[in-house]
Amino acid sequence: RDQIAGIENIFGHRSFLTPSRGQVATHAMAWERIEKNLRVLLKTRRRVSRVEGYDISNIAGREATGSMVVFIEGVAAKSEYRKFKIKTVPGPSDVDMLKEILRRRIIHQEWSLPDLVLIDGGKGQLNAAIRITAKFKSSRFKVLVAALAKREEELYLPNRSKPLRLAKLPPDTAHFLQRVRDEA
């Protein structure tokens, strides 16, 4: 997995090469299939174009940061990535740190809105993200939320009591979700 991620990282920086029409068409068809699968999973008819991934990094609660990565129609938009230094959470609480970075992200009305927020974590992180984004449901921040836990590769979704194992999803959709989570 790490070798594949490394190779993808190398080839992801090949801006001097222009993809051929065949490669662009293949990507467009792949994204359509992934997006359709995401809509079924999330039980929505809304388009899923912009996906933001979030993760928390810290050393025993110190030097804590949160990261935001952005994928637009399945392609990393690295110029829109953001890093947040945690300011209000004194101890090692990933859930509270996640709440902080989501609150701070939401206030940036000049940034494009995500269609899906994917959190690195499990049920606790999902519930925290749902609580934060729910406060903005009546305003401009209406977003779908999911969480992807690393240990068992399980996808946590709102209104679903048990997580879905990524192995049960179509491979291209599972790979896309992993890529967003791992990039964060």
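Mentor: Let's start with strand pairing: two strands pair if DSSP finds at least two bridges between them. Helices (H or I, at least four residues) and strands (E, at least two) are DSSP runs, numbered from the N terminus.

Trainee: Before we go on, what kind of model is this?

Mentor: A predicted one, in which local features need pLDDT of at least 70 and side-chain atom pairs count only at pLDDT 80 or more, while totals for chains, interfaces and linings use all residues. Residues are numbered from 1 along each chain as its sequence is written, and side-chain values use heavy atoms, with hydrogens and water left out.

Trainee: How many helices and strands does the chain come to?

Mentor: You'll find 5 helices and 8 strands. Starting at the N terminus, the order is α-α-β-β-β-β-α-β-α-β-β-β-α.

Trainee: Back to pairing. Which strand do 5 bridges join to S5?

Mentor: That's S6 (residues 144-149), and S5 and S6 run parallel. In this pairing Val 117 has Val 145 of S6 as its bridge partner. Strand S1 (residues 50-59) is joined to S5 by 4 bridges, and that pair runs parallel as well. There, Gly 53 stands opposite Leu 118 of S5.

Trainee: Now burial. Why is S5 described as largely enclosed by the rest of the structure?

Mentor: Buried means under 20% relative accessible area, with exposed over 50% and partly exposed in between (1.4 Å probe, protein chains only). In S5 (residues 116-120), 5 of the 5 residues are buried, so the strand is largely enclosed by the rest of the structure. For the chain as a whole, 41% of the 184 residues count as buried.

Trainee: And which way do the S5 residues point?

Mentor: In a regular strand, side chains alternate between the two faces of the sheet. Here Leu 116, Leu 118 and Asp 120 point one way, Val 117 and Ile 119 point the other way, and all are buried.

Trainee: Let's do rings. How many aromatic pairs are there?

Mentor: The count is 3, where rings of Phe, Tyr and Trp (its six-membered ring) pair if their centres lie within 6.5 Å; planes under 30 degrees apart are stacked, over 60 edge-to-face, the rest tilted. Take Trp 31 and Phe 176: their ring centres are 5.1 Å apart and the planes sit at 70 degrees, so this pair is edge-to-face. Trp 31 belongs to helix H2 and Phe 176 to helix H5 (residues 171-183), so the pair ties together parts 145 residues apart in sequence.

Trainee: Which residues lie nearest the centre of the second largest pocket?

Mentor: Leu 42, Leu 144, Val 145, Pro 158 and Asn 159, out of 16 lining residues. Helix H2 (21-42), helix H4 (123-134) and S6 each supply at least two residues of that lining.

Conventions
1 Å grid on protein atoms, 1.4 Å probe; cavity = no way out; pocket = protein on both sides within 12 Å on 5 of 7 lines; lining within 4 Å.
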